[in-house]
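Please look over the sequence and the model below before reading on.

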There are 2 protein chains.
Amino acid sequence: MGIKPICEQSPEELQALLQETKEAYAAFQAKKLSLNMARGKPAPAQLDLTMPMLDTLKSDTPLISESGDDCRNYGVLSGITEAKKLFASLIGAKEEEMFIAGNSSLELMFACVQIACIKGIAGCTPWSRLDSVKFLCPVPGYDRHFGLTEYFNIGMIPVPMTEDGPDMDLVEKYVETDESIKGIWCVPIYSNPGGIVYSDETVRRFAALKPAAKDFRIFWDNAYCIHHLTDTPRQPLTINAACEESGNRSIFYQFMSTSKITFSGGGVAAFNTSAENLSELSKHLGIQTIGFDKINQLRHVKFFGDAEGVKAHMELHRQILKPKFDAVLNALARELKPLGIGSWTEPQGGYFVSFDAPCGCAKRVVQLCKEGGVTLTGAGATFPYQKDPDDRNIRIAPTYPSVDELEQAMELFCISVKLAALEQLV
Amino acid sequence: MGIKPICEQSPEELQALLQETKEAYAAFQAKKLSLNMARGKPAPAQLDLTMPMLDTLKSDTPLISESGDDCRNYGVLSGITEAKKLFASLIGAKEEEMFIAGNSSLELMFACVQIACIKGIAGCTPWSRLDSVKFLCPVPGYDRHFGLTEYFNIGMIPVPMTEDGPDMDLVEKYVETDESIKGIWCVPIYSNPGGIVYSDETVRRFAALKPAAKDFRIFWDNAYCIHHLTDTPRQPLTINAACEESGNRSIFYQFMSTSKITFSGGGVAAFNTSAENLSELSKHLGIQTIGFDKINQLRHVKFFGDAEGVKAHMELHRQILKPKFDAVLNALARELKPLGIGSWTEPQGGYFVSFDAPCGCAKRVVQLCKEGGVTLTGAGATFPYQKDPDDRNIRIAPTYPSVDELEQAMELFCISVKLAALEQLV
């Protein structure tokens, strides 16, 4: 049978292809595999890279920070100086505008939203007392951002992504005219799941926003800032540099963590915003905790030394991850491209491939995969309220499985996409 | 001059004593010392005891938990099995009713209050939507408990402490008749600052409470459960055993941490409540974080092995702390007892000596100490809203300074108490 796009195939050809695909699906199902491409988890081989970090602090290592604080004791809510320096250098921030925390950057995002909701920020009314509070949500996006937003009963407005980041005409219109818009979720570099890197122009337009609400904040989740997949790393304009230019110093909250650099189950999270914002938030954070784990902060600094050390470490991650992304992309190119089914991103970094099935097929694909032994992120997860209006987007997370497992999982994935598409057509 | 109680001294004798004390104060002030007895911080020598913990996990140590989870990766929100076992054995809880978190038990207390405030617990209206929400606050108590409560605009009702714990007649009356009473702060063993150990009868009465509010919870902060200062450790009835007896399984939230066992700046916090409560709260906690630092949990388990290991370690703490408490108590007995000024606790464990100055003198004592070079916890800190109605209670924290420093600090403390008392009398 000649391989040509399904839109050019005759009804008989489509029927034959459907039959063939059903057989392939049944054959795969008979293997009774159990594979998982659902979450953006590092693979064991990636975690192995960080094992030497455990040797950096020993029983005879002095645990006094650069500023003379005993990392073992209470105090130093905002984290140790040397950790501030290290993280600041990774995201182009000022050391004195850093706050270093525990294992989770999500925890910091939650705290920021919670403080604004319960107590209010910048002298404004707490969001919980307002009739309408909304966040802009570039889509497709990160399900945990949306979950957190929904948790606080904050309305979510989807904003389409372009090649250069969120549709800034729309963002400007909303933010600058509607006082109920209090935030926007951004993953500016290698976005989750689209792998999009915001253009300098996009970053500048963010920095130049003139929000209707004084307590509007850009939630700049720089989760993948150094998670490159090519040897020509993307290094777009930083939000700090752009806001320095625009004078809009307090408009953003920036987050990052080492969850996908060192250990997801034992890393360090960092937060960056203007000194003014930091001073305001610290008063609230000091009610929640006496302080975060400073010993693990020191452990990270000793392991990496400086930003160059982190970048060298990320190159080792890339060597593990690149073949996995290739396995996914090769399967898609081989199995789906000739048939003209679906479209997908070819990310230069980050943790995901974003796949768009034919409209109305995403749920069916995820179901078929599940019944065939491969767990994917739920269809719709990349949209607010888990509602993908086109039932189209599927997030593929290639990092955790081995290349062998991925090849098998992608075989099923491609069969399932074909099957769903053909079921719809025939 | 004969030493007799000031109440028996003549005006002339008092005048002479005041003059002498003023001179002693001036002489001390001239030394220009700077000492701190403000916070319950472990001393460096105590932190040294835990340094070998850093050698327990090395680059070649397998970091797989008992249940087969990779501690280095995401997941396992409630903590690793072996950490649950260890902490459960320390507080007499069931492993499956444990939740192991990060560096801060305060963070868990905050989360519990915040969840009840914002979302509501046990199917009840969120506290933030009620006109009146109040907590009972046994006094003197822990300033951070009160700070957290005030943060959420929860009213605080002081409840006096007896030798056996909070005045239970009053507690029962409030809790069982007033639906706006939603919680009570308890430090059941070696309370902060009074060092009081709740009697078994008190614990039973807590467990038998029939709250008017379905969402009333006892916040059982077991911060000092194994922090003994004598060789006859107090081991009162556990809240778990008492609630098992009473059938009131979901009435308490129990907290503890290793902040004063291993590292205050790199420890592990634990939470214990009924499986039903835990299941409810976990859904909320899963919005805030993907998980806590499991590697540090494993590090703690490997270091201690079991509860016996922790207890042996606490004996080493005791050897460091006992002479410090003795230095404080000896100074008070030597300088103040013969004059009949003030009263104080002689704790069998915990981190504090609770000192009651003559009424109306606490603020003055703290001020005199400060101006003489010794920082104390602010007067009033041990009461809700920092308001000690009698301006009497001062929390002495003997753990951080060396014995030498303590002896100097206590010299000034005793001079300051005498001076304040005499100023008031003469």
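Predicted model: local features only at pLDDT ≥ 70, side-chain atom pairs only at ≥ 80, totals over all residues.

Residues are numbered from 1 along each chain as its sequence is written, and chains are lettered from A and ligands numbered from 1 in the order in which they are written.

Start with the two chains. The same surface serves both copies, since 100% of the contact residues of chain B recur in chain A.

At this interface, 43 residues of chain B are in contact with 43 residues of chain A; contact means that the C-beta atoms of two residues, placed from the backbone, lie within 7 Å. On chain B, helix 2 (44-48), helix 4 (105-118), helix 5 (143-151), helix 9 (275-288) and helix 10 (294-304) each supply at least two residues of the side that touches chain A. Helices (H or I, at least four residues) and strands (E, at least two) are DSSP runs, numbered from the N terminus. Helix 4 of chain B gives the most to this side, with 4 residues. By type, the residues of the side of chain B that touches chain A are 18 nonpolar, 16 polar and 9 charged. Here Ala, Val, Leu, Ile, Met, Phe, Trp, Tyr, Cys and Pro count as nonpolar, Asp, Glu, Lys and Arg as charged, and the others, Gly among them, as polar.

Within chain A, the domain assignment gives domain 1 (6-46 + 311-425) and domain 2 (63-305); such bounds come from an automatic or database domain assignment. The C-alpha centres of domain 1 and domain 2 of chain A lie 31 Å apart. Between them, 24 residues of domain 1 of chain A are in contact with 26 residues of domain 2 of chain A. Helix 11 (307-335) and strand 13 (393-396) of chain A are the elements that give two or more residues to the domain 1 side, and helix 11 of chain A gives the most, with 7 residues.

Now take helix 1 (residues 11-29) of chain A. Which of its residues are buried? They are L17(A), T21(A) and F28(A), where buried means 20 or more other C-beta atoms within 10 Å of a residue's own, exposed means 12 or fewer, and partly exposed lies in between, with C-beta atoms placed from the backbone. Seen down the axis of helix 1 of chain A, the buried residues fall within an arc of 35°, so they line one face of the helix; the arc is that of the directions from the helix axis to the C-beta atoms. They pack against helix 12 (362-372) and helix 13 (403-425) of chain A. On the other side of helix 1 of chain A, P11(A), E12(A), Q19(A), E23(A), A26(A) and A27(A) are exposed.

C186(A) is buried, because 26 other C-beta atoms lie within 10 Å. Leaving aside neighbours within four places in sequence, C186(A) is in contact with P138(A), I218(A), F219(A), W220(A) and D221(A).
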